[in-house]
Amino acid sequence: KGPPPVPVSVSKVASQDVPVTVTALGAAQAWQGVLIVPQINGRLTYVAREGEDVRAGEMLVEIDCGPYQAALTQAQGQLKRDQATLEGARRDLARYQTLVSQNSIARQTAEDQAATVKQDAGTVLADQGALQAARVNVRYCRISSPVDGRVGVRLVDPGNVVTTGTTGGIISVNQIQPIAVTFTVPQGDFQRLVSASAGFTRPLATQANSQETGADLGAGELVVADNHVDPSTGTVAMKARFANASRQLWPGQFVNVNLT
């Protein structure tokens, strides 16, 4: 027998949208990454456990606060002493002004006392500034995580003395849920994307796949298109947001991106 007949069907011609995919090489990066750097000098007494998930506000680093607490107490005492001095100077000025109105003392005495009051008021203001600075230093003794994320490998162990010159940081926190995937597209594709998304006011579906196996690593949405075309490459940088619920994407990981 011959081959079976081939079925043929017809359809009315129509215009409609069809999915168009732009492929690119991308890299995952923390949605927010924080490097903890000391803002005071002192002995490191606590560092969060490596690889631990932390919440925003949870303590990451603690520096010995003894010297700064003592400086705070000293500033409080200085302020109270100078406030008492200012109050006494104001009372003396009120008495001198009364005596001047009675022509009992020279006006110069009251004027000198008024200058003393202003000087004492300036001293109190300086003390208040010193007290605020001491309180700030005490707050800097405990550093909390500004974001939800995962703690990285610590760079300085407890017991070491850290300073404001420790530019390498103490520890880092990366937010990986959600996570970002960055990539670039040629400026020709960029014009098509602008039209398809109405100037990036509508989200565009983005898919990440493993470079090694092609496995699906998750779906996200394009959230940021850079504000310029790189003149050296003729490309535009893009950033997509992935929920990363299964944590298959990791900061620094290279992936294949399909932008629909």
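I began with Trp31 and found Lys239 over the face of its ring, 5.6 Å from the ring centre. The model I am reading is a predicted one. Arg241 also lies over the face of Trp31, and I noted 4.8 Å from the ring centre for Arg241. I then looked up aromatic pairs and found one in the structure.

Next I turned to the strands. I took E8, residues 171-186, and looked up its partners. Strand E1, residues 22-36, runs antiparallel to E8, and 10 bridges join the two. As an example of a facing pair, I wrote down Ala27 opposite Thr182 in E8.

E8 also pairs with strand E11, residues 235-242, in the antiparallel sense, over eight bridges. Here I noted Pro186 opposite Thr235 in E11.

E6 is joined to E8 by two bridges, and these strands run antiparallel too. I found that Val151 has Val173 in E8 as its bridge partner.

Last, I looked at the surface. Which residues form a nonpolar patch there? I listed Leu35, Val37 and Leu155, with about 250 Å² of accessible area together. I placed Leu155 in the loop between strand E6 (149-151) and strand E7 (161-162). Is Leu155 buried or exposed? Leu155 counts as exposed because its relative accessible area is 54%, and the cut-off for exposed is over 50%.

Terms used. Residues numbered from 1 in each chain as written. Predicted model: local features only at pLDDT ≥ 70, side-chain atom pairs only at ≥ 80, totals over all residues. Heavy atoms only, no water. Patch = residues over 30% accessible without salt bridge, like charges linked within 9 Å, V, L, I, M, F, W, Y side chains within 5 Å. Areas by Shrake-Rupley, 256 points an atom, 1.4 Å probe, with all protein chains shown as cover. Salt bridge = Lys/Arg side-chain N within 4 Å of Asp/Glu carboxyl O. Helix = DSSP H or I, 4+ residues; strand = E, 2+ residues; numbered from the N terminus. Buried < 20%, exposed > 50% of the residue type's maximum accessible area, 1.4 Å probe, protein only. Phe/Tyr/Trp six-rings, centres within 6.5 Å; stacked < 30°, edge-to-face > 60°. Lys NZ or Arg CZ within 6 Å of the ring centre and 35° of its normal. Pairing = 2+ DSSP bridges.
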